[in-house]
Amino acid sequence: MHIAILHNLDADYLEEDPGREAREDVKKVAVALANALDRGTMRASVLPVSEPADLLAALEHSHPDLVINLCESLAADSRGEMAIPLMLDLLGVPYSGSPALALCLALHKHKAKEVLFARGVPTPTFAVVERMDDLAGLDLPFPLIVKPSREDASVGVDFDSVVSTRAQLERATRAVLTRFRQPALVERYIDGPEIYVPLLGNRGAVRAHLPLTEIRFGPAFAGRPRIVSYRAKWEADSAECKDSPAVPCTLGARDQERLRAVATAAFDALECQDYGRVDLRLGADGAAYVIDVNPNCDLHPEAGFARAAAEAGITYRALAVRLVEIALERSYGNTPTRRTGPAAARRAAVANRNLLAGRGHLRAGAHRSRASAE
Ligand SMILES: Nc1ncnc2c1ncn2[C@@H]1O[C@H](COP(=O)(O)OP(=O)(O)O)[C@@H](O)[C@H]1O
Ligand SMILES: [Mg+2]
C-alpha cells in the first residue's frame, strides 16, 4: 500500500507573508507521518505542492492508494486549501481529511457561522465588514474581536484585535481590510476559558474519546485580552507563547461531555471528516460557544492533537495508522471488503466520491464516448 502525504510548500512564496511560520511547519508534520507509516508493507512518501499543476504532476507520477492531505494553502493563498480535496475527488483518489466543502466553510468563517446558527450550534453573534462604511450599521455590544474572515492559525489576531471602543473597532477593522485584503469578521468577545476538543473517527462510527485541553493564560496576559494571538501561537520565544500552554481541561466530566457534544455537532454541521479540532470558549452565561472549527488541524507529534491521542493511549504511529484506516474505511468500505494486492483500487467506489455521489453509476466508457464525439 502506497500512502502519499501531501503538504504545501509555499512558505517562501511571498516577500511579505503574514502567515509564514504557520506555512513552514506543515512540512515537519508530513515527514513525521511518513516516518511513522513507512514500515512493513506500507510505503509512505512526502509530496510537496506549491501550485495546482504540482499536484497533478505528482499524482501522475506516484499513483498512491491513499493521500494524507495536509495542504493548508496553495501558492501562499489559504483559498487553495479547498482545491486539493476537490481535485482528488475529481481524480478519484481517496484521501484522509475533510472534503472541499468543509475546508471552504471552515475558511470562510462567517459562512461556517451561518451554518452553525442554522443548526442551533452556539457561536458568538457577528457581522461581516467589507468596507469601513459598513461599520456605521454595526449593532453589536462591546467588547468585540475583529479578525480576518478567511484566515487560519491566528493569522491577523493580536491584542489590538479585541476592542472596547468605536475608535479601536475602526482601527482594528482598517488593519484587517488593508493588510489582508479581505472582509473583517467582527464578533462578540467571549471572555471565558478556551477549550479544545479533538475529534477522530467517522460520522456514525465510534469516535475516539480523546481528552480535552484548555489554554492556561498566565501573567503575560494580566490586564490584556486572554487570546491565542499569532505571537502566542507561533513565536516560541515570546512571553505570550510561553504563558499560554495547553493543559488538560479542568472542567468536570459532565461539562466536558456537553462540550464534546457541541463540538461534534459543529464538526458534523460543516461536514468535516476523519479528524479535526473544534475550539470553544465558555461564556459568562455558561454556554459553550464554537469559535473555530479546524478540519485540517496540526498533526505534528508535539502538537495538541497527537498529545491528546497519546494521553488516550494512542501512540503517534498508531494515530497515523488510524488516520489511514479511517480514510480507507470511508473510501472503500469495511476493511474485509477492500481490494488488496498490486492492483488495489486507486479509485474510491463511485458512491464514495463526494462529487459524483448520488448521480448513479457512470455508463461504461462514458468519458471515452464523449472524447470521441468532440
Ligand atoms: N469570539 C471570540 N471570543 C474570545 N476569543 C476569541 C474569539 N474569537 C477568537 N478568539 C481568540 O483568537 C484566537 C484565534 O481566533 P480563531 O477564530 O481561532 O482564528 P484562527 O482560525 O485564525 O485560529 C482564538 O484561539 C481565541 O483565543
Ligand atoms: Mg483557531
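Start by selecting His 7. This is a predicted model, and in it His 7 is buried, with a relative accessible area of 1%. Buried means under 20%, so His 7 qualifies at 1%. The residue lies in strand β1, which covers residues 2-8. What touches His 7, once neighbours within four places in sequence are left aside? Show Val 26, Lys 27 and Ala 30.

Keep Leu 47 on display and select Ser 62. Ser 62 belongs to helix α2, residues 52-62. Leaving aside neighbours within four places in sequence, Ser 62 is in contact with His 2 and Leu 47. Is Ser 62 buried or exposed? Ser 62 is buried, because its relative accessible area is 17% and the limit is under 20%.

Now step along to His 63. His 63 sits in the loop between α2 and β3 (66-69). At 42% relative accessibility, His 63 counts as partly exposed. Check its backbone too. Phi of His 63 is near 40°, a positive value in a residue other than glycine.

**Zoom out**

Display the whole chain as a cartoon. There are 12 helices and 13 strands in the chain. The chain has 374 residues, and 53% of them count as buried.

Select residues 100-107, which form helix α4. Six of its eight residues are buried, so α4 is largely enclosed by the rest of the structure. Which residues of α4 are buried? Colour Ala 100, Ala 102, Leu 103, Leu 105, Ala 106 and Leu 107. Then show what covers them: the cover includes α3 (83-91), α5 (109-118) and β13.

Stay with α5 and pick Lys 111, which is found in this helix. Lys 111 is partly exposed, with a relative accessible area of 40%. Draw a distance from Lys 111 to Leu 270. These two are 159 residues apart along the chain, yet their C-alpha atoms are separated by 9.8 Å.

**Ligand 1**

Select ligand 1. Where does ligand 1 sit? It sits in the largest cavity. There are 21 residues around ligand 1. Lys 109, Lys 147, Ser 154, Glu 187 and Glu 194 come nearest. Look for the strands as well. β6 (144-148), β8 (184-188) and β13 (288-294) each supply at least two residues of the shell.

- Lys 109: an N or O atom in its side chain is 2.4 Å from an oxygen atom of ligand 1.
- Arg 188: a backbone N or O atom lies 2.9 Å from a nitrogen atom of ligand 1.
- Arg 281: a polar side-chain atom lies 3.4 Å from an oxygen atom of ligand 1.

On its own, ligand 1 has 540 Å² of accessible area, and the protein covers 99% of it.

**Last stop: either side of β6**

Select Phe 142 and Pro 143. A cis peptide bond joins them, with omega about -5°. Pro 143 lies in the loop between β5 (126-129) and β6.

Then go to Ala 153. Ala 153 has its place in the loop between β6 and β7 (162-163). Phi of Ala 153 is near 60°, a positive value in a residue other than glycine. Ala 153 is buried, with a relative accessible area of 15%.

Definitions and conventions: Residues are numbered from 1 along each chain as its sequence is written. Chains are lettered from A and ligands numbered from 1 in the order in which they are written. This is a predicted model: local features need pLDDT of at least 70, side-chain atom pairs count only at pLDDT 80 or more; totals for chains, interfaces and linings use all residues. Side-chain values use heavy atoms; hydrogens and water are left out. Helices (H or I, at least four residues) and strands (E, at least two) are DSSP runs, numbered from the N terminus. Buried means under 20% relative accessible area, exposed over 50%, partly exposed in between (1.4 Å probe, protein chains only). A residue is near a molecule or strand if one of its heavy atoms lies within 4 Å of it. A polar contact is a pair of N or O atoms within 3.5 Å; within protein, one must be able to donate a hydrogen and the other to accept it, and residues adjacent in sequence count only if both atoms are side-chain atoms. Accessible areas come from the Shrake-Rupley method with a 1.4 Å probe; for residues, only the protein chains shown count as cover. On a 1 Å grid over the protein atoms alone, a cavity is a set of points where a 1.4 Å probe fits but cannot get out, and a pocket is an open set with protein on both sides within 12 Å along at least five of seven lines; lining residues have an atom within 4 Å of a point. A molecule sits in a cavity or pocket if more than half of its atoms lie within 2 Å of its grid points. Contact means heavy atoms within 4.5 Å.
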